[in-house]
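Look at the structure shown here, and keep the sequence beside it.

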Amino acid sequence: MEKAFSQQNRKYIGSKAALLDFIVQAVEDVVGSELSACSFLDLFAGTGVVAGAFVGKARQVLACDLLYSNYVTNRAFLCTTPKNVNLQQIELLLERLNSLEGEGGYLAESYGNTYFTWENAERIGAVRDEIESWRQKGLITPQEYYILLTSLLYAADKVANTCGQYDAYLKNLGHPPYSPGGVHLVDETVYSRLQLRPLKITARGDCQVYCQDANTLVEEVDADIIYLDPPYNSRQYCDNYHVLENVARWEKPPLAGKTRKFDRSGLRSRYSKKREAAVALAELVAKARCRYLFLSYNCEGIISDCELMEILESRGQVQIREQPYPVFGNGAGRSRRRQLLERLFICEVSS
């Protein structure tokens, strides 16, 4: 079987995979030797790479995300232990899923020849139906369910006809990867056969994972350290990852428009709305029950620096660390990477 999927293998806008060393070092510098006795809560976890970086460093790790697809992957990577999963059994189940023939139906009719080749859309649908059937029949445990579904989500993402997000699909499916003039048209992986892989799991992550609005959860959970990585622009994550969210939920809702989206009204974030983002952050920070607040927010965010400082300084003294990094993804064509500046706002809570 091919190389295992790690948490960092997923293409995800705003992923902190390239900034982990910067974030971990800042937390270690500020918290010091007390870190091993602290609980660490990642309230906007996304793919969970930051939460995962603190497994084994903090006493307890908690992660939360509003999207169910992210909840699934975080359950798989952060909550697997030798007590709840036999990883050798997982590899046998993956082999059975990889041997399935594709089938028509909801997934192929919804996303075939758009977000995926028709053949891969058929395979994704067949695998998703089989995983759901095993769950309903009690043939797999809850944790096995999350692991198998995560492998499918990562495998689907690898063969997706996108530039890393699903707000729209690329329009050159069926063409070779490059034009005669050298313009990038389609990733070669789009034409590869869907292949589920094992997950690279430490099997020590007895963590707490939530699928909830961050502003609600912050009222219910205490943590010594709270890490915040909210959306920073107007692009909604439920739009960027609606296809994977649909595959994860498997409710088969009606889809609309050329981009084949389902009704996502309950998944929209206030942090992606310019008039509401600062208000939402102020409410969250005011309610946070913690000793340290760490906020990642880059230089292009819709909340101004003055607002960020005013909100955080209402709870304690604030320092800022900065790190340049290349922006996520190049897309199709000849676009070039831009350098952005990631800022980590650090508040030692005193009130």
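Asp-239 and Arg-264 are both buried, where buried means under 20% relative accessible area, exposed over 50%, and partly exposed in between (1.4 Å probe, protein chains only). The two form a salt bridge whose closest N and O atoms are 2.5 Å apart. A salt bridge here is a side-chain nitrogen of Lys or Arg within 4 Å of a carboxyl oxygen of Asp or Glu. This pair links distant parts of the chain, since Asp-239 sits in helix 9 and Arg-264 in the loop between helix 10 and helix 11, 25 residues apart. Helices (H or I, at least four residues) and strands (E, at least two) are DSSP runs, numbered from the N terminus.

A word on the source is needed. This is a predicted model, in which local features need pLDDT of at least 70 and side-chain atom pairs count only at pLDDT 80 or more, while totals for chains, interfaces and linings use all residues. Residues are numbered from 1 along each chain as its sequence is written, and side-chain values use heavy atoms, with hydrogens and water left out.

How many salt bridges does a search of the whole structure find? The search finds 18. One of them joins Asp-224 to Arg-291, with 3.7 Å between the closest N and O atoms. Asp-224 lies in the loop between helix 8 and strand 4 (225–228), and Arg-291 in the loop between helix 11 (277–287) and strand 5 (292–298), so the pair ties together parts that are 67 residues apart in sequence. Asp-224 counts as buried at 16% relative accessibility, whereas Arg-291, at 35%, is partly exposed. Arg-270 and Glu-276 also meet in a salt bridge, at 3.6 Å from N to O. Arg-270 is partly exposed at 29% relative accessibility, and Glu-276 is partly exposed at 31%. Through shared partners, salt bridges join Glu-34, Arg-59, Asp-224 and Arg-291 into one network.

Next comes the interior. In soluble globular proteins, nonpolar side chains tend to be buried together. A nonpolar core is a set of buried Ala, Val, Leu, Ile, Met, Phe, Trp, Tyr and Cys residues joined through side-chain atoms within 4.5 Å. The largest such core has 89 residues, and those touching the most other members are Phe-54, Phe-116, Leu-148, Leu-152, Ile-225 and Phe-294. Helix 7 (residues 142–158) gives this core its largest share, ten residues. Leu-148 touches residues including Ile-90, Leu-97, Trp-134 and Leu-196, not counting residues up to four places away in sequence; contact means heavy atoms within 4.5 Å. A second, separate core holds 35 residues, among them Val-221 and Phe-345.

Why is helix 3 (residues 68–78) largely enclosed by the rest of the structure? Eleven of its eleven residues are buried, so the rest of the structure largely encloses helix 3. The cover over these buried residues includes helix 2, strand 2 (60–65), helix 7, strand 3 (208–211) and helix 10 (242–249).

On a 1 Å grid over the protein atoms alone, a cavity is a set of points where a 1.4 Å probe fits but cannot get out, and lining residues have an atom within 4 Å of a point. Grid points are joined across faces, edges and corners, and a volume is the space filled by probe spheres set on the points. The largest cavity has a volume of about 50 Å³. Its lining consists of Leu-97, Asn-98, Leu-100, Arg-123, Val-127, Arg-193 and Leu-194.

Note on methods: 1 Å grid on protein atoms, 1.4 Å probe; cavity = no way out; pocket = protein on both sides within 12 Å on 5 of 7 lines; lining within 4 Å.
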